[in-house]
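Subject: Structure handover

Hello,

Please find the structure below, followed by notes on what was found in it. The notes cover helix packing, the sheets and the ligand surroundings.

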Amino acid sequence: MSLLELDGVKVHFPIKKGILFDRTVGHVYAVDGVSLKVEAGQTYGLVGESGCGKTTLGRAVLRLVDITEGSVVLDGTDLAKLSGEEMRRFRRRLQMVFQDPLGSLNPRQNIESILTEGMIAHGIGKNQEERREKIKSILERVGLPANALSRYPHEFSGGQRQRIGIARALVLEPDVIICDEPVSALDVSVQAQVINLLEELQDELGLTYVVIAHDLAVVRHISDTIGVMYLGSLVEEAPSDVLYAEPRHPYTKALMSAVPVPDPDVEDRRERILLTGDLPSPANPPSGCRFHTRCPWAQAERCATERPELRDLGGGHRVACHYAEEIAAGKLRRVTGEVVSAVREGVEDKPASEGTGVAGKAEASGEAEKAEKPGKAAKAEGSAKSAKAEGAQKKEAPKKAEAAEAAEKAAKAEKPGKAAKTEGADKKEAPKKAEAAKAEKSGKAEKAEAPEKAAKAARTDEADGAEKAETSEKKAEKAGKAEKSEAEKAV
Ligand SMILES: Nc1ncnc2c1ncn2[C@@H]1O[C@H](COP(=O)(O)OP(=O)(O)O)[C@@H](O)[C@H]1O
Ligand code: SF4
Ligand SMILES: [Mg+2]
């Protein structure tokens, strides 16, 4: 039996409408029947375009979202059947590393406090002294300085923060770690370091990983097995080498055709499959094969009406396509979709800007995520330069910059001596200032109005200050809220 087994997992989010009474008017089929197995000590890589349900699947495994149907079995225990308290205890064995390292770390807590939280919740360590020793050795193991303990998340770089996220998972001695886009928010130069660290830790501690990414390059080397997701289900799964050498599903073929090859001879011959149409909405997925609206090999009737099963074609290579064999043998002709030389001038830039290339889109979304750090997006990999991606960067970067700044401000505001003033404090303060202003203005009877004005001004200033402190805190909270609460729930 495998360590982690998912069988027919579905997560459907209801779409509600109505002011007084919530009516369910439909569902978002975020995850729609995923079955996979993860062996102990191995890494399962899950890839697919943004929005295909990867994160939701990861959260379903941890039961951070309700599973609509199916089972998640960890080491023989069906997690869906556990009570709340039993599941809480079980969560120690299943940890998650989040995409946004800053957002998932509480800016008001220092590193020791962040790492201690989960240990206390799960009764690890007899006392704080013992816990501190353990935290110190793990911090050292993930490559962080010993003085990190008393520092706050904003004092670290992106890569270091992700190391903190990894340490937070490790202190609980989990069996399985789900890494959701663990490096997509990081600078390209740091990505490899974090992936290497994950690999080293796996070798040393015998960890089992599920690594989620939209970028095939990220999961390639770290994964033993790779699953490709499209609109809530797996379309192909194979041992990593096999998948890269011989992708069998048309969607995987298109994704792969967008990845540049380091060998210049091969790169010169590389062809790119351009898909037509956008990714359909998971609230209204196509009938039959979910990919038929974009598949270059789609055959009338059957592909539009009959949903293909994930079939084993031998050697653990599973493919959800009615015509996988015929396509591989070259017996089936492409009906749509253009195949172009990847090196043809301008080709790399076109697909995403035209909104027609799945590969281009994947790159574009990748760029947008990489652009989370302002100014660093420029360093992102060569081929991903689409106009769309740039647009996304321009939109995303300032927002994220603002959030990061806000987070920093809020964190600073929490530091001793710089505590953000509460509204109550302001109200007490304002009259004092007014009094001071009054004193200043005393003797100037002709300007009898002045003290009042000064008091007003003082009040507004204070109110302004408080508001600013509040909004920056709120912004910071918003930026990190989703993931933070996930991280907190995951404890
Ligand atoms: N809580 C939710 N309620 C409704 N829809 C959701 C919720 N969470 C995710 N979704 C939707 O489910 C789909 C899959 O999302 P997600 O799992 O985040 O994809 P990925 O991680 O692959 O980018 C998306 O269309 C997303 O909008
Ligand atoms: S089943 Fe049909 S539409 Fe789906 S991937 Fe295969 S050929 Fe394409
Ligand atoms: Mg995601």
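In helix 5, G158, G159, Q162, R163 and I166 meet V190, Q193, V194 and L197 of helix 6; two residues are in contact if their C-beta atoms, placed from the backbone, lie within 7 Å. By class, this contact of helix 5 with helix 6 has 4 nonpolar, 4 polar and 1 charged residues. Ala, Val, Leu, Ile, Met, Phe, Trp, Tyr, Cys and Pro count as nonpolar, Asp, Glu, Lys and Arg as charged, and the others, Gly among them, as polar. Helices (H or I, at least four residues) and strands (E, at least two) are DSSP runs, numbered from the N terminus.

The model is predicted: local features need pLDDT of at least 70 and side-chain atom pairs count only at pLDDT 80 or more, while totals for chains, interfaces and linings use all residues. Residues are numbered from 1 along each chain as its sequence is written, and chains are lettered from A and ligands numbered from 1 in the order in which they are written.

Helix packing

The axes of helix 5 and helix 6 (residues 188-205) are 10 Å apart, and the packing angle is about 20°. Axes are lines fitted to C-alpha atoms, for helices over the stretch in contact, and angles run from 0 to 180 degrees between N-to-C directions. Helix 5 and helix 6 are therefore roughly parallel; angles under 35 degrees count as roughly parallel, over 145 as roughly antiparallel, 65 to 115 as roughly perpendicular and the rest as oblique. Their crossing is right-handed. A crossing is left-handed if the near helix is turned anticlockwise from the far one by less than a right angle, and right-handed if clockwise.

Helix 5 (residues 158-170) also packs with helix 3 (residues 111-121): the two axes come within 8 Å and cross at roughly 30°. Helix 3 is therefore roughly parallel to helix 5. The residues in this contact are I111, I114, L115 and G118 from helix 3, with I164, A167 and R168 from helix 5. Of these, 5 are nonpolar, 1 is polar and 1 is charged. Helix 3 passes helix 5 in a right-handed crossing.

Helix 3 has a further contact, with helix 4 (residues 128-141), at an angle of about 115° and with the axes 10 Å apart. That pair is therefore roughly perpendicular. On the helix 3 side the contact involves E112, L115, T116 and M119, and on the helix 4 side R131, R132 and I135. The contact of helix 3 with helix 4 divides into 3 nonpolar, 1 polar and 3 charged residues. This crossing, of helix 3 and helix 4, is right-handed.

Four strands form an open antiparallel sheet in the order 2-1-4-5; two strands pair if DSSP finds at least two bridges between them. Strand 2 and strand 5 (77-78) are at the edges with a single partner strand each, so one side of each has no neighbour in the sheet. Strand 1 (residues 4-17) and strand 2 run antiparallel and are joined by 12 bridges. K10 stands opposite D32 in strand 2. Helix 1 packs on this sheet and touches strand 1, strand 2 and strand 4 (69-74), its direction making about 75° with that of strand 2.

There is also an open sheet of 8 strands, with mixed pairing and the order 6-7-8-3-9-10-13-12. Its edges are strand 6 (94-97) and strand 12 (311-312), each with a single partner strand, so one side of each is left without a neighbour in the sheet. Strand 3 (residues 43-47) pairs with strand 8 (residues 208-213) in the parallel sense over 5 bridges. G45 has V211 in strand 8 as its bridge partner.

Ligands

The shell around ligand 1 consists of F13, V28, A30, G48, S50, G51, C52, G53, K54, T55, T56 and P282; a residue belongs to a shell if its C-beta atom, placed from the backbone, lies within 6 Å of the molecule. Strand 2 (23-38) and helix 1 (54-61) each supply at least two residues of this shell, and helix 1 has the largest share, 3 residues. By class, the shell around ligand 1 has 5 nonpolar, 6 polar and 1 charged residues.

Ligand 2 is surrounded by 13 residues, the closest being C289, H292, C295, C303 and C321. The shell around ligand 2 has 10 nonpolar and 3 polar residues, and no charged ones.

Regards
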